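Here is a briefing on the model shown below.

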Amino acid sequence: MLTLLLLAIPLLGAGLLFAGGAKNARTIALATGIVELLAVLGAWGLSAQGQTELLSFDREWIGPLGISYAFNLDGISIVMALLVALLLPLIVYASFNRIYKHPHYFYGLMMLMAASMMGAFTTTDGLLFYVFYEFALIPIYFMILNWSEHPNKSAITLKFFIYTLFGSLFMLVALLYLYNTAGSFNMEALYAAGRSMSGTEQGWLFAGFFIAFAVKIPVFPLHSWQPSTYDAAPTAGTMLLAGIMLKMATYGLIRIVVPALPEGVTEYGTWALVLSAISVLYASGMAIAQQRYKLLLAWSSIAHLGVLSAGILSGNAQGLQGGVMEMLSHGILSVALFFVYDIIESRLNHDHMDKMGGIREVNPLFAFLFFALVMGSVALPLTSGFVGEFLLLLGFYQVSPWLTAVAGLTVVLGAVYMLRAFQVMMLGSASESMRQFAPLTSHEKTMLGICVALVIALGIYPDPILSLANPTVESLLQGLNR
Amino acid sequence: MKELLIISLLGIAVLALDILKMRKMVMPVIVLGLLGLIGVSTADWGRNEVPFAAYGGMLTFDNTALAFTIIFALLGVFWIILAGDYYAASTSKRTDIFALVLFSMCGAVVLSAYTNLVMLFLGVEILSIPVYVLAASNRKNVLSNESGFKYFFLGSLASAVLLFGISLTYGAVGSFDLQSIQQHLEGGYYSPMLLMGTAMMLVGFTFKISVAPFHFWAPDVYQGAPTPITAYMATIVKGAAFAGMYKLFGSALQPLPTAYITAMVLMVALTLIVANLMALVQTNAKRMLAFSGISHAGFMLGFIIAASTTPPVYLMYYTLTYGVASMVAFFVVQQVAAIQADDDSVDAFKGLIKRSPVMAVSMTIALLSMAGIPPLSGFLAKYYVITNMIAHEHMSLVIIMILTSAIGAVYYLKLIAHIFTPIENAGRIMISDSMRRTFIVLSLLTIVLFFAASLLEVI
């Protein structure tokens, strides 16, 4: 029943916001986010005590077709729920910086999105996963369409929507094909059906799933919607996209692809690993070439997710564990780094890095906090980024040392573009206009402080997350020779 | 039988009310009458009534027929309420039109209950003839006249082909009765004459449901006809044609020869490709919806291909969800066009979110449902087709369905983007309370039908 509560809280929040009008909208949104976080922490506590019956729910929806309203909070799902519930209040809090027109609709759509992502992360029914995965598109589409200030937003949102929809339709076909053998959309049944299939069949199904997920992650060459969409979206929308939404795809790889199509991944999935590795290289190169900070972040996100997808697809315990850890870490870092964009953009009205410089002189605290985030992003030990990427590369190494060498460049190249960005933006001497750079407000300090604290805390002591996810990782890999 | 009596008497009653100058009573009487029809159909549930059994029993009101009748009556109620605003309440034109629609709905009931090819032909004609008149009912408009003429000429040609097919089938089987035809086919053997006859019936039906290559009339007729009539044609007329087709090809003529399956698979593929590509380049909203309607007919034809294992309930679900969504879409087009000198181009939708939030949101929900985005009922409707196609191993068709769905999303989303484009000095579009409530109910229905899909399993 608690799982339903996790869905109900944001839905209720959305209802309150839509009905309540613009007054107090952001307070309601923040309260919803905090209540959701408390509920997830409660679920974690229950799971730690072994009281699992409260954490699952199963009712028939369309009986003859084997579709049910089925949810279950196992270890990985709790981590993912934590990701949503942690980032939701952070994103709302980050948006306090901005005055959005019609805030009740803006935050209402945000809550709807949180509900759909929460659903995707907790359901154990394949079709329901697809439904939540797709539904998340609608609120974010309208958030970008109505709150973007980009002149070309109509075309960009259309490209984004069609690209993702088109990709996920392949997943639908693959799911239906699995279902045709399984006779039910229950995850366990889908696993059994997938494993009973021949290698070629699994290979095709893997292709279907991977195309869908590769669009959303995104993996080269299906990434072309991403930089323009991140650029056009209002900052809160970009945070939702980069922080949570694309994790539905990597979560899908962990939850469905790896356990259901073991042969499809190992025997026929090499091309996906190669694409992920190319994605890392290409996106890092593009990130190095960017002049604008927001676009740099967009490309860097593709690079990090290439490692994530390759690590998960190596299909061993390290890869999956690293995947779970990296999803959480990347989520927090994305929100924080895009918040840095928001701080700069709100003061300078642009994000061209070569026109900045010397912020450290004016605002040393900001530079210090930003530096901590940059360190997390380049996966320095003792930051959360390190734990995740190390495990991912470790998992990947067991499958293909050569490709790992390529993907491992992400750490080196990441250091190149992140440190260069830091250097260009923060160091040097401040020009006359940069001297006007206003000090951080207490709201901004709190927000950045929380993010930095989380990044460092998870880096020093990742054990609670890892040991939470571990039993589920083991059960997903059970019966596979890894 | 009561169902048929109610709906025909209702049509006559409407005309009588006009003569008696009680025009204000027309709407309430029709709505109550149609609700009564739903009630009677529910009461008859499971009785499998065969009226006039002694005369050959040409109709059977089994659950399938009753369910289709309920769906048509429900869509009819919504149609009457929405169209009530279009035709001024004081004129006799309104009563004429409403009476014609009710007579046409008689044909829809006959088509869902017939068990005899003679009744099939009667049903098709009763359904179509009033619509020929209705399409041309905007007498002073050239396009409306064109629409009526086109529909009449091509429609009668299709009826002729259908009738020819029926007579050839009679020649081959020696009976008009569906059961006798089914018994005749028990061995699965189609004599050449029967093959010819059924092929002609297939052509006649595919014309009525407007799938490629027999779809050419639809865009012109849909665009030219007064918008409420277009809404009626796209929802109830198309649904009735499918109900009739399912009865014949989905049950009586089973097992279908492989050639027919192949032909229908090709038709679906062609329909989906042509209709979606054509819809993509339209600048007129009504015409775009017409092409989108053709593509939906292609999807629905999938149920007939898979009829050997698919119960009719899925076809009903599609009819209902598509009907609900199109009802909203066409009437929003009508309202938007009415306020700007009958401009029903896509550009007329700019800024609708400011001008009429209710219509903008309802239209968005309707279009997203047609595009098949969860959690809207249009998704499950398409989903049912696709599962059936996979179960019947038409994988290439599945791929085409998927690709064209993505194309479909493009034009639906373009219209949605227009709706949400802000414009300067937008005047508000005022709509009546009854219309606003109906739009809200239809939008909610679009969502509720998704979550309550299991309710349909009772049939």
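A:Asn349 counts as exposed, because 7 C-beta neighbours lie inside 10 Å. The scale places C-beta atoms from the backbone: a residue is buried with 20 or more other C-beta atoms within 10 Å of its own, exposed with 12 or fewer, and partly exposed in between. This is a predicted model, where local features need pLDDT of at least 70, side-chain atom pairs count only at pLDDT 80 or more, and totals for chains, interfaces and linings use all residues. Residues are numbered from 1 along each chain as its sequence is written, while chains are lettered from A and ligands numbered from 1 in the order in which they are written.

- A:Asn349 is not a glycine, yet its phi is positive, near 65°.
- A:Asn349 sits in the loop between α16 and α17 of chain A. Helices (H or I, at least four residues) and strands (E, at least two) are DSSP runs, numbered from the N terminus.
- A:His102, also not a glycine, has a positive phi of about 45°.
- The loop between α3 (75–94) and α4 (103–122) of chain A holds A:His102.
- A:His102 is partly exposed, because 13 other C-beta atoms lie within 10 Å.

**Helix α18 of chain A**

- Buried residues of α18(A) include A:Phe366, A:Leu369, A:Phe370 and A:Leu373.
- Their cover includes α16 (317–348), α17 (359–362), α19 (384–399), α20 (401–426) and α21 (442–460) of chain A.
- Just after α18(A), A:Ala379 takes a positive phi of about 60°.

**Cis peptide bonds**

- A:Phe220 to A:Pro221 is a cis peptide bond, with omega near 0°.
- A:Pro221 lies in the loop between α9 (199–216) and α10 (226–232) of chain A.
- B:Pro374 and B:Pro375 are joined by a cis peptide bond, omega about 0°.
- B:Pro375 is in the loop between α15 (357–371) and α16 (377–391) of chain B.

**Where chain A touches chain B**

- 22 residues of chain A are in contact with 21 residues of chain B. Contact requires C-beta atoms, placed from the backbone, within 7 Å.
- On the chain A side, β1 (56–62), α5 (126–135), α6 (137–147) and α7 (153–182) each supply at least two residues.
- α7(A) gives the largest share, 12 residues.

Key. Two residues are in contact if their C-beta atoms, placed from the backbone, lie within 7 Å.
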